[in-house]
Amino acid sequence: MSDALLLEGIEKTYNPGRANALRVLGGAALRVEKGEVVGLVAPSGAGKSTLLHIAGLLETPDAGRIRIAGEPADGASDRVRTRLRRDRIGFIYQFHHLLPEFSALENVVLPQLAAGSGSGAAEARARDLLDRVGLSGRLDHRPAELSGGEQQRVAFCRALANAPDLLLADEPTGNLDPGTSDRVFDALLALARETGLGALIATHNLELSRRMDRVVRLEDGVLVPG
């Protein structure tokens with residue numbers, strides 16, 4: 001099976017050459033296959049967010065190789081990186097960043113329209129995704145009318161709207177109650193299996209991590225089996 005994500009020899013140091021230089025990543029390597037859900041665990045301050053940002057092409061490493069669905073991303077132009085983020089990568093953050101003036105349905109439709117989907121197909125996919133996470137009765141509600149957990153579920157659907165090859169998530173169920181967390185994660189697993197989505201999920205939830213295909217730990221700037 002081909003890779004959704006390949007990281008090799010990733011290095012990152014903040015404030016290099018200064019007394020307060022901080023080496024966060026020192027040769028980190030990771031392969032996430034399509035259809036595979038990988039958990040990422042790390043102590044606070046170990047560089048987990050930096051690793052996710054580099055994998056998502058939001059930060060540039062000092063050295064190393066990045067492939068997204070087989071396509072080279074290290075050294076790529078801003079235009080290519082933007083295209084890869086739009087077409088190949090889905091993001092879920094702790095804070096959902098939904099567009100407040102649009103409904104739940106519209107928040108999931110809009111990324112698809114931006115990627116060139118027709119309005120009918122975009123709405124049908126948005127309705128299907130929102131139904132999978134139990135929000136079929138909240139389609140017309142704006143973010144301010146939704147609970148924090150409901151907003152996070154909308155953000156989950158938005159991240160999957162364009163059928164990415166790779167999903168990157170930072171504590172995606174941190175704002176959800178256990179029952180809803182299970183339902184959202186069940187939907188993620190099902191979509192990964194059905195579509196070949198590869199996922200890298202940072203979490204402190206041990207119960208959640210046990211349900212993933214495998215877990216890696218970030219220690220001293222490198223990734224080791226969890």
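Which residue is the bridge partner of L168 in β8? In the predicted model described here, local features need pLDDT of at least 70 and side-chain atom pairs count only at pLDDT 80 or more, whereas totals for chains, interfaces and linings use all residues. Residues are numbered from 1 along each chain as its sequence is written, and side-chain values use heavy atoms, with hydrogens and water left out.

The protein has 7 helices and 10 strands, these being DSSP runs numbered from the N terminus (helices, H or I, at least four residues; strands, E, at least two). For its 226 residues a compact globule would have a radius of gyration near 17 Å, and the value of 17 Å for the protein agrees with this; the radius is taken over C-alpha atoms, and the globule rule is 2.2 Å times the number of residues to the power 0.38. The C-alpha trace spans about 55 × 40 × 35 Å along the principal axes.

An open sheet of mixed pairing is formed by 6 strands in the order β6-β7-β8-β3-β9-β10, where two strands pair if DSSP finds at least two bridges between them. Its edge strands, each pairing on one side only, are β6 (89–92) and β10 (222–225). Strands β7 (residues 166–170) and β8 (residues 198–202) run parallel and are joined by 5 bridges, and within this pair the partner of L168 is L200. Helix α2 (residues 78–88) packs on the sheet, touching β6 and β7, with its direction at about 75 degrees to that of β6; contact means heavy atoms within 4.5 Å, and angles run from 0 to 180 degrees between N-to-C directions, with axes fitted as lines to C-alpha atoms, for helices over the stretch in contact. Helix α5 (residues 148–160) also lies across β6 and β7, but runs at about 170 degrees to β6.

Helix α3 (residues 104–114) packs against helix α4 (residues 119–132) at an angle of about 130 degrees, with the axes 9 Å apart. This angle makes α3 oblique to α4, given that angles under 35 degrees count as roughly parallel, over 145 as roughly antiparallel, 65 to 115 as roughly perpendicular and the rest as oblique. Residues of the contact include L105 and V109 of α3 and A122 and L129 of α4.

Helices α3 and α5 pack at an angle of about 20 degrees, with their axes 8 Å apart, and are therefore roughly parallel to each other. Their contact is made by A104, N107, V108 and P111 of α3 together with V154, C157 and R158 of α5.
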